[in-house]
Amino acid sequence: MLRRIKRTRRYISHMPTSSKSLLWNARLLLVERATEDAKACAEWYATLLGDPAIELAHDVWQVRGKERWMLFRTGTPKTVPMVVFAFPTVEQWGAFRNYLQVAGQTVHPVAPNLAAVLGENAFGLRDPDHRMIVFCVEPPRVESDRIALPARMQHFVCASTQTIAMMEFYRDVLGFIESDRVVDNDGDLSSAFLRSDAEHHSFAVFRAPQPGPDHHAYEVPNWNGIRDWADHCGDLEIPLWWGPGRHGVGNNLFFMIEDPDGYKVEFSAELEIMTEEQPFREWPHGPRALNLWGNAWMRS
């Protein structure tokens, strides 16, 4: 408790822009990866996660397990063309879609092959970096006889040259709630972390020389889960790329690995829990915002 109190004195607090978000309780459901060899990349993730790789259409593969889901298709390596967030009910999904339409946002129906996977209640729109953000109603969870370590798909992070525009789109248009921001010595935005439920962030953006995906993360049950996943990666001869460490922003234990394209994958435990009304905090740009225990991956 003492350590947490000392840390909070380093922030500047602000109130959130609204007390109620139509987005609240939407969760990251699916991440789509584009790569040169969709089958090979899907099989790598299937081995890592212990979930089956299934070809859904020509050169479109799925790796899906309990509380985690990825699609793979041929395209520009190391990219994430689409992420999908899911609402718990069709009523909340419909209210959110109507809100966006009344606000003048262009929402797109998803392609029939994607609707066949996600269900008929799905639409998408593009963020300032032209990534497709899809919203759907959470489909029934899959059950499997496979023995796999627990890890829930939890957040997606991107890199951008326009962090303010990205933050304003996700916060002011879509209704994500800002949890923390990191600013440099000139007061410019270095990164922003936003939540769509009680967990500290389900989306974040980092300033970088060029736009693109940064990583996605799986939340594991506890600290022992971090150990178990690190042991599992060791058994597969997948080296830990960063960590174990502890993020300052989010307060979670973590480590990261790289997939065959060099795209980053994070395993996280005990991410900070926040209320819907809790104000965001401001951190100075520096390594301790990213890792309280040691070296940091500095994007800018």
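Predicted model: local features only at pLDDT ≥ 70, side-chain atom pairs only at ≥ 80, totals over all residues.
Local features need pLDDT of at least 70, side-chain atom pairs count only at pLDDT 80 or more, and totals for chains, interfaces and linings use all residues. Residues are numbered from 1 along each chain as its sequence is written, and side-chain values use heavy atoms, without hydrogens and water.

Start at helix α2, residues 38-49. Helices here are DSSP runs of H or I, at least four residues, and strands are runs of E, at least two, numbered from the N terminus. α2 has 12 residues and reaches 16 Å from its first C-alpha to its last. At its start, a side-chain oxygen of Asp37 comes to within 3.3 Å of the backbone nitrogen of Lys39. Gly50 follows α2, with a positive phi near 80 degrees.

Ile257 sits in strand β15, residues 253-258. Ile257 counts as buried because its relative accessibility is 0%. The C-alpha atoms of Ile257 and Phe267 lie 8.5 Å apart, with the residues 10 apart in sequence.

The whole structure holds 3 cavities of 30 Å³ or more. A cavity is a set of points on a 1 Å grid over the protein atoms alone where a 1.4 Å probe fits but cannot get out; lining residues have an atom within 4 Å of a point. Volume is the space filled by probe spheres set on the points, joined across faces, edges and corners. The largest cavity has about 100 Å³. Of its 14 lining residues, the closest to the centre are Phe193, His201, Phe206, His215 and His247.

Terms used
Expected span 1.5 Å × (residues − 1). Polar contact = N/O pair within 3.5 Å; in protein donor to acceptor, adjacent residues only side chain to side chain. Buried < 20%, exposed > 50% of the residue type's maximum accessible area, 1.4 Å probe, protein only. 1 Å grid on protein atoms, 1.4 Å probe; cavity = no way out; pocket = protein on both sides within 12 Å on 5 of 7 lines; lining within 4 Å.
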